[in-house]
Amino acid sequence: MGKNYYGIGDNVVPENYSLIFHTDVKKAEFVCDEVIDVVVRKKSTSVVMNSREIKIYSAYAEDKTGKHAARINFKPKTETVVFSFDKRLYGKIKLHIRFKGVNNDKMYGFYKSTYVYNNKKHTLLTTQFEPGDARSAFVSFDEPSFKATFEVSIEVDDAYEALSNMPVKSVKRLGKSRKLVSFMKTPRMSTYLLYLGVGKYDRLTTRLGKLRINALTVQGKKNLAKLPLKYAKLFVDYYQKYFGITFPLPKIDIIAIPDFSAGAMENWGAITFREVAMLGDEKKSSVWSKERIAEVVAHELAHQWFGDLVTMKWWDDIWLNESFAEFMSYKAREAVFPEWNVMKKYYIEDFEVALEADGIKNTHPISMPVKTPGQISGMFDEISYEKGGAVLYMLENYAGSKSFREGLHNYLKKYMYSNAKRDDLWREIDAAAKRNGQKIDVSGFAGAWITKKGHPLVRVSKDGKYLKLSQNRFTYLKEIGGKENVWPLPLDYVDLSNMKVGRINLNKEHVKLEAKNNSMLKFNYGVKYFCRVRYGESLLQRLGKYIENRTLDGVDALEIEREVYVAARSGYLDIKRYYDFVKSYCMHLSYPANVSVLSNIGTMFEFSKLVGMRKEFGDLLEEFALNMLEKLDWIEKKNDSNIDKSSRIAALEQLGVLENDRAVRLAEEIYSKLVSGKEVDRDMAKFALATISHRGGTKEYTQMKRMYEKCEVPELKMRFLLYLGNFEKPDILNDALEYSISEKVKKQDTMYITSIMSTKIDQYGIAWKWVKKNWNKLERSYPTGTHMIHRFLVPGELMHTKEERKDFVNFTSKVKRGRDDIKKSANEILDVIDLNIRFFERNGMR
């Protein structure tokens with residue numbers, strides 16, 4: 001059961017919740033009549049439950065002997081309530097509780113969301129309970145291991161529709177204008193997966209066999225739900241076949257919510273999304289938007305099995321939910337849309353992101369003990385998502401796809417409607433591998449990667465006729481050695497003289513491998529394992545020549561160039577060495593290496609404002625982008641792939657930063673159409689907005705603000721807002737920051753302005769000053785459960801002087817008190833500041 005972190009214990013176990021919510025949308029409040037069937041294991045005069053921000057009117061217990069009134073004692077610090085009785089309770093009892101709650105506007109619990117339709121403001125009610133906010137909607141045993149069934153009823157005005165996890169069972173009239181909507185009983189599930197919704201919705205429906213799949217939007221946006229509905233049907237079909245388990249509920253709703261703190265939430269059978277993460281158009285949406293929608297829909301649907309059907313026992317294994325959903329979203333998209341080549345994008349979108357996040361000293365293991373709500377909230381990061389997904393990708397490669405898939409199936413079957421721990425999963429994959437005649441240690445392999453923080457740096461050096469491979473833990477500031485920093489690492493390698501592939505098991509600090517005939521070997525061939533490989537100088541130059549002649553390309557070229565970049569970024573090499581390597585060997589790469597290198601050069605160009613080589617990196621960036629466009633062309637072609645389209649935009653955006661004449665003219669042409677309200681290619685619109693805002697003034701800023709306020713297309717609306725933070729003039733940027741917390745901008749979107757300003761040397765300081773000034777207001781707007789407040793610390797990621805470091809420490813030491821989510825992010829950013837200081841000192845900051 002639970003971990004006692006909130007003082008609940010496991011003496012009282014829920015079996016079923018009966019919840020009748022009486023809602024008042026106009027007043028944004030509700031009353032609930034709750035009856036919980038529980039089992040008291042040992043005789044006790046008290047029951048402890050989770051409760052926060054709820055006013056309890058009455059409570060009593062009912063057993064065979066009668067009704068027993070409760071004394072009520074709230075414990076705000078632990079977010080619990082203690083019900084005390086004169087009689088010792090034992091066995092099966094019913095807890096009757098009547099209480100009142102408020103529908104807040106802070107995007108957690110049972111909250112309100114607003115939107116405009118036909119020039120009139122409307123309100124809907126929705127929920128976001130993960131990880132610990134169900135307790136703000138109803139008195140509950142709010143830990144994932146306390147699974148129970150739920151019987152939900154919602155009283156609403158006739159004008160509204162009520163939603164929950166299950167289909168409607170009955171509708172009862174209550175007077176002239178009210179109704180009570182009751183839903184079918186759920187299977188056993190955790191509290192954080194319960195969903196409540198009240199609103200006026202537009203709806204599209206499809207079927208997959210007997211399963212009904214619905215897409216719901218606010219009024220007027222139904223036309224944007226066809227695309228995600230199509231994706232949902234395709235992905236559910238794939239998951240049912242892959243897992244070998246039919247979706248266990250009668251229906252799935254995918255619901256677009258106007259105000260939403262996360263990207264989406266996997267409520268069982270009633271999945272909620274930010275509008276920009278769900279709504280799109282097959283013909284008009286950009287490649288980025290369509291692929292992002294597919295990614296999020298696939299991710300959340302994977303949760304319906306991994307997370308909902310089988311749930312982790314406690315939040316230290318949240319990766320069992322998030323890593324698998326991340327991993328499976330790629331498998332699903334690759335299977336359903338093979339022409340998208342999403343596994344190539346994986347290396348940029350997930351693999352590199354995870355390596356970067358995991359390279360700081362203050363990273364954490366994928367699975368680690370967590371206690372407080374803030375610590376739990378902090379686990380929803382790149383380590384639990386992207387690194388966890390990368391480790392599962394390794395594990396599949398290690399165990400083989402057959403044993404891996406069989407193990408997943410058996411794990412889901414064995415623990416369905418229940419809870420599990422990481423070791424339960426390893427045992428099932430181990431057993432499958434054993435049945436298939438494999439002699440591997442899945443538990444040992446996976447356990448090391450899940451419980452150790454960081455990842456290995458493999459150094460390759462010449463030692464006579466041998467290549468010597470050594471393994472230490474990588475961090476940007478130093479390598480950390482010792483036996484405790486050795487991972488099981490079966491590395492594939494390729495002999496570049498004949499392209500024969502071999503494997504070496506690197507499971508200790510030092511290993512030697514004979515390089516016959518002085519052959520050049522490239523390790524981690526295919527980049528299947530989550531590590532960094534760094535070569536000695538002579539070996540690196542030889543590899544560079546193989547990149548130049550295209551023997552090495554794609555992910556393998558990406559990995560080699562990336563390590564040269566990381567060595568320069570970490571201050572081990574000066575930027576001239578990085579410049580020379582790219583200029584000599586990497587100017588004609590294919591995807592995904594080209595887009596990765598383009599981004600790295602762009603970063604160095606931005607940093608060169610302070611360390612010199614501005615012209616050199618500008619010329620290099622322009623040459624590289626033009627080389628890409630020579631292959632891709634400047635304008636979309638009929639047979640372009642998604643990768644072609646996204647690569648073109650990446651190259652054009654960099655040319656826009658450089659104010660390349662042709663790029664600027666093209667951007668101006670597209671932008672003028674946008675301003676006049678004409679339909680434009682939305683991939684190109686992104687490039688145009690980035691370019692025009694970068695060099696624009698008050699006129700363009702006012703135009704973009706106006707377009708933002710009028711726009712009803714989620715993707716474009718987000719772009720208009722984002723690029724308000726991309727202008728150069730300080731007075732415009734200050735106005736954009738103030739605008740971001742006005743009533744014109746939803747709270748979920750405020751961060752866009754600070755985030756884009758935090759990528760620029762000339763702007764991050766303005767953003768940081770504003771954040772400090774407005775912190776109290778921001779903190780009130782974004783409680784722990786929203787996972788958002790830490791994002792306003794990102795201007796710190798460009799700080800690079802000791803004075804700035806001191807200012808950051810002084811500020812965060814005050815604001816992180818009592819907020820573990822802030823504390824975690826502040827410590828991580830401090831590592832980045834130390835990295836920046838060393839980088840700029842090494843390269844002679846001007």
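In what order do the three strands of the open sheet lie, and is the pairing parallel or antiparallel? In this predicted model, the order is β24-β23-β26, and the pairing is antiparallel. The edges of the sheet are formed by β24 (500-506) and β26 (521-523), each of which pairs on one side only. From one strand to the next, the twist averages 30°. Strand β23 (residues 489-495) is joined to β26 by three bridges, and Asp495 stands opposite Leu521 in β26.

The loop between β26 and β27 (532-535) holds Asn524. The phi of Asn524 is near 55°, a positive value in a residue other than glycine. Asn524 is also buried, because its relative accessible area of 1% falls under the 20% cut-off. Glu659 lies in the loop between α15 (642-657) and α16 (661-675) and is partly exposed, with a relative accessible area of 37%.

Turning to the helices, α2 (residues 287-303) has 17 residues, which should span 24 Å at 1.5 Å a residue; the end C-alpha atoms are 24 Å apart, in agreement with that expectation. Of the 17 residues of α2, 15 are buried, so the helix is largely enclosed by the rest of the structure. Helix α6 (residues 383-399) is mostly covered, with 15 of its 17 residues buried. Just after α6 comes Gly400, which takes a positive phi of about 90°.

Charged pairs come next. Side chains of opposite charge can pair when their charged atoms come close. The count of salt bridges in the model comes to 57. One of them joins Lys345 and Glu291, whose closest N and O atoms are 2.6 Å apart. This pair links distant parts of the chain, with Lys345 in helix α4 (residues 342-358) and Glu291 in helix α2, 54 residues apart. Both Lys345 and Glu291 are buried.

Another salt bridge is formed by the side chains of Glu29 and Lys100, at 3.7 Å from N to O. Here too distant parts of the chain are linked: Glu29 belongs to strand β2 (residues 29-50) and Lys100 to strand β6 (residues 80-102), 71 residues apart. Glu29 is partly exposed at a relative accessible area of 23%, and Lys100 is partly exposed at 27%. Asp640 and Arg648 also meet in a salt bridge, with an N to O distance of 2.8 Å. Asp640 is buried, with a relative accessible area of 12%, and Arg648 is buried at 2%. Elsewhere, salt bridges that share partners join Arg52, Glu53, Glu79, Asp133, Arg135 and Asp142 into one network.

The largest nonpolar core has 302 residues, of which Phe138, Tyr239 and Phe523 touch the most other members. Leaving aside neighbours within four places in sequence, the contacts of Phe138 include Tyr17, Leu19, Phe21, Phe99, Phe129 and Phe150. Glu34, Asn50 and Thr191 are also among the residues in contact with Phe138.

Finally, cis peptide bonds deserve a look. One joins Glu130 and Pro131, with omega about 0°, and Pro131 lies in the loop between β8 (120-128) and β9 (149-157). Another joins Tyr591 and Pro592, with omega about 5°. Pro592 is placed in the loop between α12 (575-585) and α13 (593-611).

Conventions. Residues numbered from 1 in each chain as written. Predicted model: local features only at pLDDT ≥ 70, side-chain atom pairs only at ≥ 80, totals over all residues. Heavy atoms only, no water. Helix = DSSP H or I, 4+ residues; strand = E, 2+ residues; numbered from the N terminus. Expected span 1.5 Å × (residues − 1). Buried < 20%, exposed > 50% of the residue type's maximum accessible area, 1.4 Å probe, protein only. Salt bridge = Lys/Arg side-chain N within 4 Å of Asp/Glu carboxyl O. Core = buried A, V, L, I, M, F, W, Y, C linked by side-chain atoms within 4.5 Å. Contact = heavy atoms within 4.5 Å. Pairing = 2+ DSSP bridges. Axes fitted to C-alpha atoms, helices over the stretch in contact; angles between N-to-C directions.
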